[in-house]
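Colleague: Pick one part of this model and take me through it closely, please. I'd like a connected story, with the cut-offs spelled out as you go.

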Amino acid sequence: LQTLIQETDPGADYRIDRALNEACESVIQTACKHIRSGDPMILSCLMEHLYTEKMVEDCEHRLLELQYFISRDWKLDTVLYRKCQGDASRLCHTHGWNETSELMPPGAVFSCLYRHAYRTEEQGRRLSRECRAEVQRILHQRAMDVKLDPALQDKCMIDLGKWCSEKTETGQELECLQDHLDDLVSECRDIVGNLTELESEDIQIEALLMRACEPIIQTFCHEVADNQIDSGDLMECLIQNKHQKEMNEKCAIGVTHFQLVQMKDFRFSYKFKMACKEDVLKLCPNIKKKVDVVICLSTTVRNDTLQDAKEHRVSLKCRKQLRVEELEMTEDIRLEPELYEACKSDIKNYCQNVPYGNAQIIECLKEIKKQLSTRCHQKVFKLQETEMMDPELDYTLMRVCKQMIKRFCPEADSKNMLQCLKQNKNSEVMDPKCKQMITKRQITQNTDYRLNPVLRKACKADIPKFCQNILNRAKDDTELEGQVISCLKLKYADQRLSPDCEDQIRVIIQESALDYRLDPQLQMHCSEEISNLCAEEAAAQEQTGQVEECLKVNLLKIKTDTCKKEVLNMLKESKADIFVDPVLHTACALDIKHHCAAIPPGRGRQMSCLMEALEDKRVRLQPECKKRLNDRIEMWSYAAKVAPAEGFSDLAMQVMTSPSKNYILSVITVGICVLFLIGLMCGRITKRVTRELKDR
């Protein structure tokens with residue numbers, strides 16, 4: 001049969017194959033009518049429309065039958081021979097390149113042409129434009145069906161039967177081989193690996209994917225699609241636009257599959273390979289998987305940055321591309337294999353109906369973190385720690401707050417992005433969805449000081465000094481549930497923190513005073529009381545301190561000791577700074593402006609000023625402020641009985657805010673004067689006795 005085809009040469013004129021001519025007549029009339037009858041390009045036209053709506057089933061079968069033989073004998077491809085004859089002679093050192101021998105096996109010259117087709121100008125001699133187009137045409141055709149790639153079918157026959165026997169639809173066999181790359185025999189793995197590496201440079205070889213992605217390419221990627229040399233730009237563009245509304249399901253699945261295949265070997269990411277090849281050889285030798293290479297290089301970059309190295313070990317071009325790879329990996333949990341493997345069972349149990357894209361699975365796991373298995377919980381915590389140190393890697397935050405970042409933080413460094421958003425959270429023009437996302441991240445940060453890099457740095461000395469017992473009790477890789485931050489809050493009330501740490505804790509107290517969800521200890525210990533006593537306040541869409549105020553007002557009704565302690569701590573904090581008591585601060589804002597404008601905030605100074613104004617009959621406070629202050633005095637009196645002062649500063653604050661402040665201060669003053677007089681008397685007697693002893 002092969003000899004018959006060689007002699008008749010239907011590649012030069014398809015009409016010689018009567019079965020093909022009859023089966024494909026309707027397709028030729030509709031899809032290829034612009035090509036004259038009998039032209040060899042008719043076959044190429046038919047191949048371009050393979051697996052499209054214009055192709056009929058009978059024509060498809062006949063066409064693949066003929067292409068099976070043409071792909072195995074390049075003498076039969078007239079167009080390729082005509083366009084590439086000069087290049088074959090110039091680059092592959094052969095004149096009669098269609099002739100085969102032991103030294104020149106079938107397809108050897110095409111392999112040579114293929115190697116030169118993707119060379120850059122720096123790498124040396126390249127194919128002519130016409131020949132390159134023909135080589136790409138052949139590669140497009142081979143990618144459509146494994147039967148059209150002789151080497152692939154020959155070396156991978158066993159693996160196709162073993163792993164891909166059920167994958168019979170168009171393009172599924174190659175995808176299946178790529179999915180099982182690590183399981184393939186070495187010869188097949190090499191061929192599939194080389195083909196995948198080629199696809200990473202020129203994804204247009206994947207004709208089926210290109211057809212599926214046509215709308216998105218025309219809308220978002222037409223500039224890079226028109227380039228003579230792709231160099232991985234088109235796939236990068238498709239990945240960046242994967243979640244546009246114009247994206248169809250087939251294209252999205254194809255792009256995601258290619259991303260997953262890329263994780264198996266860093267060589268499958270052409271731009272990453274070209275930018276970081278030398279760095280990988282130098283810094284990460286013997287590492288093959290892309291995710292491991294990314295971790296290796298990013299760890300090196302981070303260490304150099306932390307140590308303020310004069311010169312980075314990772315080159316600038318590699319660092320730029322590394323950033324692109326890191327950001328792409330955050331979009332789908334499957335692109336982070338360690339995290340995915342650790343959380344597979346949890347995803348099945350808790351996030352089964354959640355789509356993988358747009359980091360939705362990762363977000364789902366974050367929201368039910370307490371219910372996760374130990375291993376998955378540890379991985380998610382580690383991921384959050386990384387994201388908080390570098391918020392640009394937080395895919396959901398960056399996506400939801402994209403416009404707000406452009407509005408409020410255009411000049412902000414990626415490391416300070418979340419900090420910038422937090423500072424602008426209460427702006428009138430802040431997008432509600434972004435505000436909600438910022439609050440989520442604040443709740444996460446307040447669960448563990450390690451998730452707040454700014455606080456961690458500011459309180460570096462204070463945490464081991466005041467909260468070492470909490471750190472000692474904590475197990476490795478477990479979250480601290482806000483215990484360290486609660487410890488620092490108490491020291492803030494006692495005015496014992498360093499200035500930098502005090503500033504950060506003040507911000508946290510102010511924020512959590514407005515929204516009880518930002519105080520994990522309060523939520524944990526008072527969940528029942530909030531449900532029973534403050535359900536209406538907790539259900540409010542906008543939290544402005546109503547729940548905290550409700551708990552303070554209902555302090556006498558709280559039965560649980562741990563919850564009562566949390567509310568008493570809130571009262572103690574409010575003594576130290578009126579700004580952390582939003583209800584009182586709002587009620588007394590005018591009075592602070594009129595009577596305490598010259599008093600700097602913090603350390604209980606403005607609170608003491610208001611107390612003095614309350615007792616001064618010449619000063620008229622606003623009725624609401626007066627009422628709230630009297631309420632606070634009652635609460636503090638009760639708190640003093642239930643929880644006695646723990647230190648001198650606490651005692652001093654209780655005295656200053658006591659209704660009997662003047663009486664207590666008078667008694668203390670009289671006591672000091674009496675002690676002073678006694679000291680004077682004793683001093684004179686001692687002096688007289690000493691003089692008498694000297695006279696003797």
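Modeller: Let's start with Tyr340, which counts as buried because its relative accessibility is 18%. By buried I mean under 20% relative accessible area, with exposed over 50% and partly exposed in between, using a 1.4 Å probe and protein chains only. Tyr356, at 27%, therefore counts as partly exposed. Arg334 lies over the face of Tyr356, 4.1 Å from the ring centre. For that label, NZ of Lys or CZ of Arg has to be within 6 Å of the ring centre and within 35 degrees of the ring normal.

Before going on, keep in mind that this is a predicted model, in which local features need pLDDT of at least 70 and side-chain atom pairs count only at pLDDT 80 or more, while totals for chains, interfaces and linings use all residues. Residues are numbered from 1 along each chain as its sequence is written, and side-chain values use heavy atoms, leaving out hydrogens and water.

Now the rings. A search of the whole structure turns up two aromatic pairs. In one of them, the ring centres of Phe266 and Phe272 are 6.4 Å apart and the planes sit at 80°, so the pair is edge-to-face. Both of those Phe residues are buried. Tyr340 and Tyr356 also form an edge-to-face pair, at 6.1 Å centre to centre with 75° between the planes. This Tyr pair links distant parts of the chain: Tyr340 is in helix H21 and Tyr356 is in the loop between H21 and H22, 16 residues apart. The cut-offs for Phe, Tyr and Trp (its six-membered ring) are centres within 6.5 Å, with planes under 30 degrees apart called stacked, over 60 edge-to-face and the rest tilted. Helices here are DSSP runs (H or I, at least four residues), strands are E runs of at least two, and both are numbered from the N terminus.

H21 (residues 337-350) and H22 (residues 360-367) pack at about 85°, and their axes are 11 Å apart. The axes are lines fitted to C-alpha atoms, for helices over the stretch in contact, and angles run from 0 to 180 degrees between N-to-C directions. On the H21 side, Cys343, Asp346, Ile347 and Tyr350 meet Ile361, Cys364 and Leu365 of H22. By class, this contact of H21 with H22 has six nonpolar residues, no polar ones and one charged. Nonpolar covers Ala, Val, Leu, Ile, Met, Phe, Trp, Tyr, Cys and Pro, charged covers Asp, Glu, Lys and Arg, and the others, Gly among them, are polar.

One more link leads on from H22 (residues 360-367). Gln384, in helix H23 (residues 374-389), is buried, with a relative accessible area of 3%. Leaving aside neighbours within four places in sequence, Gln384 is in contact (heavy atoms within 4.5 Å) with Lys366, Lys369, Thr444 and Leu451.
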